Amino acid sequence: MTDPNASSSTDPASDLAALEQGLTADIAGAADEAAIEAIRVAALGKKGRVSELLKTLGAMSPEERKEKGPLINGLRDRVQGALAARKEELAAAALTARLEAERVDVTLPLREAPQSRGRLHPISQVVDELTAIFADMGFAVAEGPDIETDFYNFTALNFPEGHPAREMHDTFFLPEGADGKRKLLRTHTSPVQIRTMQNVKPPIRVICPGRTYRTDSDQTHTPMFHQVEGLVIDRVANMGHLKWVLEEFCKAFFEVDSVKMRFRPSFFPFTEPSAEVDIQCSRKGGEIRFGEGDDWLEILGCGMVHPNVLRNCGIDPDEYQGFAWGMGIDRIAMLKYGMPDLRPFFEADVRWLEHYGFRPLDLPSLAGGLSS
Ligand code: DAH
């Protein structure tokens with residue numbers, strides 16, 4: 001070949017054309033914005049091929065520049081334009097794909113937010129309710145540990161060593177500690193009475209709701225259950241007061257104007273006299289119902305605090321007297337909310353909780369309604 005213009009390497013105009021063709025093809029084939037950016041850098045970046053061409057203009061003679069300038073600048077403008085157009089095209093395609101993939105069905109029902117889906121366990125609800133009722137009568141809430149010593153659970157409560165009443169409690173004992181003694185899971189909330197009397201000067205008016213444990217398990221007993229203890233110590237406190245407090249509690253708790261209650265003489269080492277209290281119910285069809293029928297359900301034990309117990313806590317029985325009770329929380333919960341079986345209380349079945357649970361922000365109060 002002798003014609004210098006025939007070779008692309010020596011004909012700048014056809015070089016430019018080839019470069020433009022190559023770039024145009026690359027741009028058309030770019031699959032995403034990253035590819036577009038790579039092409040832009042390779043062409044128009046600091047060391048890009050088009051940028052290098054633009055730099056050669058400075059060294060040219062005015063005539064040559066007049067001829068080449070428009071060609072190179074034109075190339076740059078077209079490449080810039082093509083890049084921008086392809087970029088826009090790709091962005092539009094990406095948006096279309098996203099809209100396709102993320103289509104929302106606006107007719108679907110709203111999913112409830114976690115704070116409105118969560119439910120309080122009926123036991124928590126009932127503890128809140130009874131706390132509100134007793135608080136209204138001037139009772140404070142006292143607490144004690146689930147793991148107790150023999151002293152607090154039995155001895156201080158006037159259970160003599162080796163007394164058969166200890167055996168009635170089906171106690172869970174822990175392994176022997178360093179002191180050779182075995183702690184236990186409290187079998188009732190009564191030890192909180194002792195802890196309170198040791199720490200608070202009379203007059204005392206407290207309730208102590210909490211977990212209790214016995215090695216008992218059948219349809220109406222679970223190894224862990226709940227009690228609420230009540231304790232009143234004052235210069236004047238008698239069985240009449242006790243009866244009034246319990247009756248007022250039952251009326252407020254069951255949200256009725258009157259309840260039928262039955263006080264039966266009973267025995268507890270820590271009270272004298274002692275009684276057990278039943279409330280009227282129906283047990284038709286195996287379901288316990290409150291406010292009808294002529295059956296009775298035992299809900300609590302109570303009595304006048306034994307002088308020995310007062311003495312064990314440093315309180316002079318000639319100066320002070322008091323009454324106390326221990327009530328089964330699970331039972332009154334079953335009765336109030338018509339839950340026929342105790343076992344699902346502790347099975348953590350979300351479907352049960354959704355049915356029987358309570359909305360967390362509906363706090364029970366005497367003014368605003370206990371369970372509405
Ligand atoms: N602690 C007793 C129990 O679990 C219940 C009880 C009875 C508690 C009489 C008392 C009471 O405070 O005075 O069986």
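**Figure 1. The loop that holds Pro 203, and a cis bond within it.** Pro 203 sits in the loop that links helix H9 (191–199) to strand E5 (204–213). The model shown here and in the other views is predicted. The peptide bond running from Pro 202 to Pro 203 is cis, and its omega is near 5°. In general, most peptide bonds are trans.

**Figure 2. A cis peptide bond at Pro 273.** Glu 272 and Pro 273 are joined by a cis peptide bond with an omega of about -5°. Pro 273 belongs to strand E8, which runs over residues 271–282.

Figure 3. Most residues other than glycine have a negative phi. Asn 158, which is not a glycine, has a positive phi near 75°. Asn 158 lies in the loop between helix H7 (150–153) and helix H8 (164–167). Its relative accessibility is 19%, so Asn 158 counts as buried, the limit being under 20%. Glu 255 is not a glycine either, and its phi is positive at about 55°. The loop between H10 and strand E7 (261–268) contains Glu 255. With a relative accessibility of 44%, Glu 255 counts as partly exposed.

**Figure 4. The largest nonpolar core.** This core has 45 residues, and those touching the most other members are Leu 130, Phe 134, Phe 249, Phe 254, Trp 325 and Ile 332. Two or more residues each come from helix H6 (122–136), strand E6 (224–234), helix H10 (239–254), strand E8 (271–282), strand E10 (295–305), strand E11 (321–328) and helix H12 (329–337). H10 gives the largest share of the core, seven residues. Another core lies apart from this one; it has 25 residues, including Tyr 152, Met 197, Cys 208 and Val 309.

**Figure 5. The surroundings of Ile 332.** Ile 332 is one of the residues that touch the most other members of the largest nonpolar core. When neighbours within four places in sequence are left aside, the contacts of Ile 332 are Val 126, Leu 130, Phe 249, Phe 253, Phe 254, Ile 299 and Met 327.

**Figure 6. Packing of helix H6 with helix H12.** The axes of H6 and H12 are 10 Å apart, and the two helices pack at an angle of about 95°. This angle falls in the range from 65 to 115 degrees, so H6 is roughly perpendicular to H12. On the H6 side, the contact is made by Ile 123, Gln 125, Val 126, Val 127, Glu 129 and Leu 130. H12 contributes Ile 329, Asp 330, Ile 332, Ala 333, Lys 336 and Tyr 337. By type, the residues of this contact are eight nonpolar, one polar and three charged.

**Figure 7. Packing of helix H1 with helix H3.** Helix H1 (residues 12–29) and helix H3 (residues 49–56) have axes that come within 11 Å and cross at roughly 155°. An angle over 145 degrees counts as roughly antiparallel, and H1 and H3 are therefore roughly antiparallel to each other. Their crossing is left-handed. Leu 16, Leu 19 and Leu 23 of H1 meet Arg 49, Val 50 and Leu 53 of H3 in the contact. Five of the contact residues are nonpolar, none is polar and one is charged.

**Figure 8. Tyr 356 and its contacts.** Tyr 356 is part of helix H13 (residues 350–356). Leaving aside neighbours within four places in sequence, Tyr 356 contacts Pro 122, Tyr 337, Gly 338, Met 339 and Pro 340. Gly 240 is 116 residues from Tyr 356 along the chain, and the C-alpha atoms of the two are separated by 36 Å.

Key
Residues are numbered from 1 along each chain as its sequence is written. This is a predicted model: local features need pLDDT of at least 70, side-chain atom pairs count only at pLDDT 80 or more; totals for chains, interfaces and linings use all residues. Side-chain values use heavy atoms; hydrogens and water are left out. A nonpolar core is a set of buried Ala, Val, Leu, Ile, Met, Phe, Trp, Tyr and Cys residues joined through side-chain atoms within 4.5 Å. Buried means under 20% relative accessible area, exposed over 50%, partly exposed in between (1.4 Å probe, protein chains only). Helices (H or I, at least four residues) and strands (E, at least two) are DSSP runs, numbered from the N terminus. Contact means heavy atoms within 4.5 Å. Axes are lines fitted to C-alpha atoms, for helices over the stretch in contact, and angles run from 0 to 180 degrees between N-to-C directions. Angles under 35 degrees count as roughly parallel, over 145 as roughly antiparallel, 65 to 115 as roughly perpendicular and the rest as oblique. A crossing is left-handed if the near helix is turned anticlockwise from the far one by less than a right angle, and right-handed if clockwise. Ala, Val, Leu, Ile, Met, Phe, Trp, Tyr, Cys and Pro count as nonpolar, Asp, Glu, Lys and Arg as charged, and the others, Gly among them, as polar.
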